[in-house]
Amino acid sequence: MKNIIQRSSAVFMTLLMLMSSSCSQDFLDVPAEGAPTVGNYYDSDTKLDNAANGLYGIVWFNMNKSAFYGITDVISGNMYASQYNDFGKFTDLSFTNSQAFISDAWRSCFGAIANSNAYISNLPQSVGPNVSKEALNNALGEAHFIRAFSYFFLVRLWGNVPIIENNADYSKNFVIPSNPIEDVYKFIENDLKYAIANLRQKNRGSDYAANAHVSSGSAKAFLAKVYLYQKKYDLAKAMAQEVINSGEFKLLGGEALPTKSFADLWLQKNNNNEESIFSWQWTGAGTYFEGNFSNTLFAPENRLVETTYSGQIAPSQDLIKNVFENGDRRRIETFMLPGDYYPNLTYAQTLAVDSPKLLGYTFELANEAQNSGAGLKKYVIGKENLPITGPFNAPFNGESSMNSYMMRYAELLLIHAEATLGSQSGSTTDANALKSYNAVRKRAGLSEKASISFNDIFKERRAELACEGDYYFDLGRLPFAQAKAILEAQNRGDKQNEKHITISATNLLLPYPADDLIKNPKLKEVAPYTFK
């Protein structure tokens, strides 16, 4: 079976951050801060509650700094870059399995798995008598959730991948085959069911700091998504409905929070808001691995950031012209067109380091990114402006403390609508499905619909989640011939030069990283996983 890029002979870099010095290979460049080791000891619930902080941020840094967008929104045709930077290789699919984005994504996922395994194996022996059972269960639930999230990413990108449940066993024998997709999904489901049973329940309110870590409701929402990808529609519908009925999450700008809007999602001060189901957490605490790179990669010009590295990616011509309906409020918050005004963006008056900063930014064609005639807006927060951005803290390359949404309540509503429809054909007038679907459209300023099809939901997902890493995976849920036709029809050039790609592959999976194939010759082999 040919992948989107044909796999060459290559290997699975051996993990991990283990608890002992016996590990001969370092899979993870930077270990999660606070990961349990023999020397860690948690003598209070508060310390234990903070133990997993690193699982939400630092382990995802290599993915976030570039790979995440290259392998999702650039490949899918939501974003564009010329051949002058590495993103361009994902615009025209000329990348190989030696490209850094491939290995960065792989190592971020398996690094998170390694750290999660470490928590699961070692936390029960690392707590004191004053730590409650509830706090320990919650911490273990977080580790199972992160491991499930990591494998969900891996299985959608690579298909068959090795299931690694025990770091010590893996360090003794890292030349192992991959496990089949169905086993990986079963492993994900088991982890999420464990997380649901052990994580705390929450009702997310205005105390955003309390919302940073996942809850039992987060795990239920994510399990609904996992069910949907397997076309287990009845299970996805029931799980999504349970989350909706709980009232834990809310749309910013929806009926429950009418004083806010879609635009409020993209203000740093609203990190961990009521709509956030799971986000990568970026503290911007002054070290290289703790800030969000998106502000730098997306900002169309240097005056908006603290670096000269801006505008590495742009909105694609397909996103600019074919995704948003007239009057859709999400468009201006997704990408900038000439004349668009952003009252909350602060920018430097000139490019000088000590230039005065001005509040309120108007995008001009002269500042377009990648000759696209536009610039990305999501995750662009501009120069430091304390009432809006809060302090940046991170002095490196314009990094910010803006969290990265991995799942929002708006997506859960669209999952509910699609699961209620129950297929990729036909239409539905089901009242509950319409309520969920139309809630998302209403916030966007669009008219409600009385009947919806899969195509309606598919298009709505693209408009709602553009530049958040989901469209590539949505294409992967389509029959391959249909996804291929969509990708080949897209204009993958800039505003002046129309370009199209031809896909000779037979699926949208990525190639295994070259280095990892070399170190693990069995990676291409597939064997059933023995569940414990």
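The model is predicted, with local features requiring pLDDT of at least 70, side-chain atom pairs counting only at pLDDT 80 or more, and totals for chains, interfaces and linings using all residues. Residues are numbered from 1 along each chain as its sequence is written, and side-chain values use heavy atoms, with hydrogens and water left out.

**Exercise 1. Aromatic pairs**

Task: Determine how many aromatic pairs there are, and classify the pair formed by Trp-266 and Tyr-405.

Solution. Step 1: A pair requires rings of Phe, Tyr or Trp (its six-membered ring) with centres within 6.5 Å; planes under 30 degrees apart count as stacked, over 60 as edge-to-face and the rest as tilted. The count under this rule is 39 aromatic pairs.

Step 1: For Trp-266 and Tyr-405, the ring centres are 5.2 Å apart and the planes stand at 85°, so the pair is edge-to-face.

Step 2: Locate the partners, given that helices (H or I, at least four residues) and strands (E, at least two) are DSSP runs numbered from the N terminus. Trp-266 belongs to the loop between α9 (233-246) and β2 (276-280), and Tyr-405 to strand β8 (residues 404-408), so the pair ties together parts 139 residues apart in sequence.

Step 3: Trp-266 is buried at 1% relative accessibility, and Tyr-405 is buried at 4%.

Step 4: Apply the ring rule again to Tyr-529 and Phe-531. Their centres lie 5.0 Å apart with the planes at 90°, so this pair is also edge-to-face. Tyr-529 is buried, at 13% relative accessible area, whereas Phe-531 is partly exposed, at 26%.

**Exercise 2. Charges over rings**

Task: Identify the ring over which Lys-186 lies, and the ring over which the charged end of Arg-156 sits.

Solution. Step 1: The criterion is NZ of Lys or CZ of Arg within 6 Å of the ring centre and within 35 degrees of the ring normal.

Step 1: Lys-186 lies over the face of Phe-531, 4.4 Å from the ring centre. The charged end of Arg-156 sits over the ring of Phe-153, at 5.7 Å from its centre.

**Exercise 3. A helix crossing**

Task: Describe how α9 and α13 cross.

Solution. Step 1: Axes are lines fitted to C-alpha atoms, for helices over the stretch in contact, with angles from 0 to 180 degrees between N-to-C directions. The axes of α9 and α13 (residues 409-421) come within 8 Å and cross at roughly 140°.

Step 2: Contact means heavy atoms within 4.5 Å. Residues of α9 including Tyr-233, Ala-236 and Ile-244 meet residues of α13, among them Tyr-409, Leu-412 and His-416.

**Exercise 4. Residues in loops**

Solution. Neighbours within four places in sequence aside, Asp-470 contacts Lys-225, Tyr-229, Glu-411, Arg-461 and Leu-465.

Step 1: Most residues other than glycine have a negative phi. Leu-93 lies in the loop between α3 (88-91) and α4 (100-122) and is buried, at 13% relative accessible area.

Notes. Buried < 20%, exposed > 50% of the residue type's maximum accessible area, 1.4 Å probe, protein only.
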